[in-house]
Amino acid sequence: MIIDSHHHFWNYNPVEYDWIDDNMSVIRRDFLPDDLIQEIVGAGVEGVISVQARQNKNETNWLLKLASENEFIKGVVGWFDLKSKDIEKELEQYSQNKWLKGVRHVVQGEPDPEFILGKEFNNGISVLKKYGLIYEILIFWHQLDNAIKFVDNHPNQQFMLDHIAKPDIRNNKILQWKKLLKELAKRENVSCKVSGLVTEADYQKWNADQLHPYFETVLEAFGPGRILYG
């Protein structure tokens, strides 16, 4: 079975999705299960994982509802306030939901560069394993240093690195990202999604040759057993 491990649904709203700037105007519209099923049938994809695009629990509940209504949605990576003192109680309420597979926070958008190392946030991370949930790391490449420290704080937690840590493909910068990615990949509790490469390149002018060295780096660092397609 071919699984697409990363996509988003939304009812487009310019306020809630303000990150969709003029360069991405082509996706300023609704994207719902009926739209996705048309794409995956032609691509030979049999199942998908739906990932949060808004940081509120309504988003998580909505995605879980869509999963319950659409057989091809095999799992959901939702959002919870991991800094909340009630996080364990909240996760307990969702523990019987078979579609909830993981949790994600948009760390790349946090103004505090030390956010991922914060005590309250890490307290929340520490309870995920109890409920069999992975944590998806969404960062830019320059945040890899702190991500490595973060992962080392949780050696028994399973992590997924989204979008190969968003290197600066647009400007063909690779060396520092490559060094840090290989260091992170030494942690066997971290896997990586080969996804989001085009969004870090020039939308209009990218080509496969430009992406190739980034893909080769990921393959060498993680090996085929810890890579997912998204």
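Biologist: Which side chain does Arg-29 meet in a salt bridge?

Modeller: A salt bridge is a side-chain nitrogen of Lys or Arg within 4 Å of a carboxyl oxygen of Asp or Glu. Here the side chain of Arg-29 meets that of Asp-35, at 3.9 Å from N to O. One caution: this is a predicted model, where local features need pLDDT of at least 70, side-chain atom pairs count only at pLDDT 80 or more, and totals for chains, interfaces and linings use all residues. Residues are numbered from 1 along each chain as its sequence is written, and side-chain values use heavy atoms, with hydrogens and water left out.

Biologist: What are the relative accessible areas of the two partners?

Modeller: Buried means under 20% relative accessible area, exposed over 50%, and partly exposed in between (1.4 Å probe, protein chains only). Arg-29 has 40% and counts as partly exposed. Asp-35 has 27% and is also partly exposed.

Biologist: Are Asp-162 and Lys-193 buried or exposed?

Modeller: Both are buried. Their side chains meet in a salt bridge, 3.8 Å from N to O. Asp-162 sits in the loop between β6 (159-161) and α6, and Lys-193 in strand β7 (residues 190-194), so the pair ties together parts 31 residues apart in sequence. Helices (H or I, at least four residues) and strands (E, at least two) are DSSP runs, numbered from the N terminus.

Biologist: Which residues are linked in a network of salt bridges?

Modeller: Arg-104, Glu-136, Asp-162 and Lys-193. The whole structure has 15 salt bridges. One of them joins Lys-186 and Glu-183, with the closest N and O atoms 3.0 Å apart. Lys-186 is exposed, at 59%. Glu-183 is partly exposed, at 28%.

Biologist: Now the helices. How do I read a packed pair?

Modeller: Two packed helices are described by the angle between their axes and the distance between the axes. Axes are lines fitted to C-alpha atoms, for helices over the stretch in contact, and angles run from 0 to 180 degrees between N-to-C directions. Take α5 (residues 144-152) and α6 (residues 175-185): the angle is about 5°, and the axes are 10 Å apart. That makes α5 roughly parallel to α6, a label for angles under 35 degrees.

Biologist: Which residues of α5 and α6 meet?

Modeller: Contact means heavy atoms within 4.5 Å. From α5 come Leu-144, Asp-145, Ile-148 and Val-151; from α6 come Trp-177, Leu-180, Leu-181, Glu-183 and Leu-184. Seven are nonpolar (Ala, Val, Leu, Ile, Met, Phe, Trp, Tyr, Cys and Pro), two are charged (Asp, Glu, Lys and Arg), and none is polar (the others, Gly among them).

Definitions and conventions
Parallel < 35°, antiparallel > 145°, perpendicular 65-115°, else oblique.
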